[in-house]
Amino acid sequence: MTLYRVELREAVSAAILAADTAAGPRVYTARTMPSRAVDLPNVYVQSPSDQAESLNRGPPQFLRTAQIVVIARVSAFTGPAAELVLDTLTEQIELAVLTNGPLAQMVQQFSRLETAVRVNSENNPVIGEARMDFYLEWTETYPIAGGPFNGISGTMQANGNDAFAEMSVRLNQS
């Protein structure tokens, strides 16, 4: 069984790859992130966390929200140029993820998106990085072990009589 947040991570990666962004085929999941300027632009997709909030007091059912983190890195000769390239790439990623039909069918909603951009002009070439946190929401229900509920039976006690009466109710399974 694969964690659903991992399936979502892979679907986000596939959506970015299918959109043919400026990163081209350099979209990675489940690996380390060191990058050299010659490896840029590239995109790393991670699924570091998900939260589950109970929906009821009955069988386990949760409203889950997975955090899918997309790290985009670019290089350019100046800080402003790196920021422009990064703006283009983050727009491509946002559109790729939010408009992908197969991914949208996997979730109830994209509940939040946060984007932060950082440019480090101390290097030559300049390295720009954007972090995009997508929050994807779905409902997950866990099956209860055992057979289906088809009735109830028991023994009633009264005035010291441990077997006062028996009862049995069968449910009609239609």
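## Burial and the basis of the model

A residue is called buried when its relative accessible area is under 20%, exposed when over 50%, and partly exposed in between (1.4 Å probe, protein chains only). Arg-9, with a relative accessible area of 13%, is therefore buried.

Please keep in mind that this is a predicted model: local features need pLDDT of at least 70, side-chain atom pairs count only at pLDDT 80 or more, and totals for chains, interfaces and linings use all residues. Residues are numbered from 1 along each chain as its sequence is written, and side-chain values use heavy atoms, with hydrogens and water left out.

## Salt bridges

Let us turn to the charged pairs. A salt bridge here is a side-chain nitrogen of Lys or Arg within 4 Å of a carboxyl oxygen of Asp or Glu. The whole structure holds 9 of these salt bridges. One of them joins Arg-9 to Glu-10, with the closest N and O atoms 2.8 Å apart; Glu-10 is partly exposed, at 34% relative accessibility.

Another salt bridge links Arg-73 and Glu-129, at 2.7 Å from N to O. Arg-73 belongs to strand 3 (residues 61-76) and Glu-129 to strand 5 (residues 126-141), so this pair ties together parts that are 56 residues apart in sequence. Strands (E, at least two residues) and helices (H or I, at least four) are DSSP runs, numbered from the N terminus. Both Arg-73 and Glu-129 are buried.

Arg-131 and Asp-133 also form a salt bridge, at 2.8 Å from N to O. Here Arg-131 is partly exposed, at 38%, while Asp-133 is buried, at 6%.

## Aromatic rings

Rings of Phe, Tyr and Trp (its six-membered ring) pair if their centres lie within 6.5 Å; planes under 30 degrees apart count as stacked, over 60 as edge-to-face and the rest as tilted. The search of the whole structure gives 3 aromatic pairs. Among them, Tyr-4 and Trp-138 have ring centres 5.0 Å apart and planes at 55°, so the pair is tilted. Tyr-4 lies in helix 1 (residues 4-18) and Trp-138 in strand 5, so the pair ties together parts 134 residues apart in sequence. Tyr-4 is partly exposed, at 22%, whereas Trp-138 is buried, at 6%.

Tyr-28 and Tyr-44 make a tilted pair as well, with ring centres 5.5 Å apart and planes at 40°. Tyr-28 sits in strand 1 (residues 27-29) and Tyr-44 in strand 2 (residues 42-54), 16 residues apart.
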